[in-house]
Amino acid sequence: MAAATVSATFAASAAVYGDCPDAKHAWAVHDWNRPKPHRVSVSPSGVPSDAIVLFDGTKESFSKNWRYQRKNADPWRIADGAMTVLPAKKGSGVMTRREFGDCQLHIEFRHPASLAKDSGYAQNRGNSGVFFMGSENGYEVQVLESYGTCEENKGKPGYIDNYTDGQCGAVYAENPPLANPLKKPGEWQVYDMVFHQPVWEGDRLVHPGSLTVFLNGVLVQDHWEMEGQTTHRKRRPLKPHPKAGPLALQYHGSEVSFRNIWIRPLESRWANKTHSAMSADERSVSLLRRETAARLYSKIANPDACDAETVKALAEVVAYANEGIYKEKFLAAVRKFNSSNRRKSDRVSVRETLDILVRCGVVPADIVK
Ligand code: MG
């Protein structure tokens, strides 16, 4: 919510504005000192400037970024801007030469239009899959021609039955898609995914990892927390594995084309120990608060002054670290400020700052004159 009750002028210049840093928060609410996000521009074709392009439609891009999982494999077809896995004697999946951990992935896929007339076994209809962390220890989001597999189509012409945790958009063998937004075979489909791997401390699972998946812009996996590694028929509990692995595209004996593949490696969502109460480590929070206090204090031209701007600047410092020289200079400045005649606007703005410190328990109430 915007600060409707506080003037824009005050908001823009306030040293202390929202609730103060505390043991679990390195930053105040609405903290102007908090680091800003890095700039990302997006190309006309939708590729973010900080993404790694894994396939741009060219043979060079394919050979630079991908290799076959099987030796002497029959090659995929690279043509018309797509890389296509085909039924083959020596069929093979492909995997990236680089390894990734947590990431955002964009990938488009297409099944042959001829599948619309094929009523074969559902798991053989354009089966492939996107594997994070490799296909051995990884996590598969299913690629399958499942256009006709939806509850309201049951018993009608074109209905394709299947086990639900194996249709397109499923975290295979674990969680069905929340909806079926597939287009008909022959049309390009778009996957956008966010993958976070499980976090372990030794053999203790701290966070199970998650998959969020959009299929053609529709949410089909809503932060699904993995129960295990990808499996078939049997449940396979999570277990520790290396923190990076290749992205793999499955060979399952079906024809499937892929294009426009890019990936953005992400830091673990648990890596930032000062971000918020969810992952906050009190020691890390305390260190960052002290660093910030030192940085802000060093910018104060004269900490012995007692004008309104200096009082507010020192108030900001003690909001991060109310100790030692910071506390001493702040209290002295407030005493001097309170004991001298000041413009009304200065008294109001200092009072607003001190009120926030009092409300947050940084300083006692009697500091407010
Ligand atoms: Mg598959």
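**Figure 1. Crossing of helix 4 and helix 6 in the predicted model.** The axes of helix 4 (residues 308-320) and helix 6 (residues 344-359) come within 10 Å, with a crossing angle of roughly 10 degrees. Angles under 35 degrees count as roughly parallel, so helix 4 and helix 6 are roughly parallel to each other.

**Figure 2. Residues in the contact of helix 4 with helix 6.** On the helix 4 side, the residues are Ala-308, Val-311, Lys-312, Ala-315 and Ala-319. Helix 6 contributes Asp-346, Ser-349, Val-350, Thr-353, Leu-354 and Leu-357. Sorted by class, this contact of helix 4 with helix 6 has seven nonpolar, two polar and two charged residues.

**Figure 3. Packing of helix 3 and helix 4.** Helix 3 (residues 282-298) packs with helix 4 at an angle of about 165 degrees, and their axes are 8 Å apart. Angles over 145 degrees count as roughly antiparallel, so helix 3 is roughly antiparallel to helix 4. The crossing of the two helices, helix 3 and helix 4, is left-handed.

**Figure 4. Residues in the contact of helix 3 with helix 4.** Arg-289, Thr-292, Ala-293, Leu-296 and Tyr-297 of helix 3 meet Glu-316, Val-317 and Tyr-320 of helix 4. By class, the contact of helix 3 with helix 4 has five nonpolar residues, one polar residue and two charged residues.

**Figure 5. Domain 1 and domain 2 of the chain.** Domain 1 is made of 16-28 + 281-367, and domain 2 spans 52-271. Taken over C-alpha atoms, the centres of domain 1 and domain 2 are separated by 52 Å.

Technical notes
Residues are numbered from 1 along each chain as its sequence is written. This is a predicted model: local features need pLDDT of at least 70, side-chain atom pairs count only at pLDDT 80 or more; totals for chains, interfaces and linings use all residues. Axes are lines fitted to C-alpha atoms, for helices over the stretch in contact, and angles run from 0 to 180 degrees between N-to-C directions. Helices (H or I, at least four residues) and strands (E, at least two) are DSSP runs, numbered from the N terminus. Angles under 35 degrees count as roughly parallel, over 145 as roughly antiparallel, 65 to 115 as roughly perpendicular and the rest as oblique. Two residues are in contact if their C-beta atoms, placed from the backbone, lie within 7 Å. Ala, Val, Leu, Ile, Met, Phe, Trp, Tyr, Cys and Pro count as nonpolar, Asp, Glu, Lys and Arg as charged, and the others, Gly among them, as polar. A crossing is left-handed if the near helix is turned anticlockwise from the far one by less than a right angle, and right-handed if clockwise. Domain bounds come from an automatic or database domain assignment.
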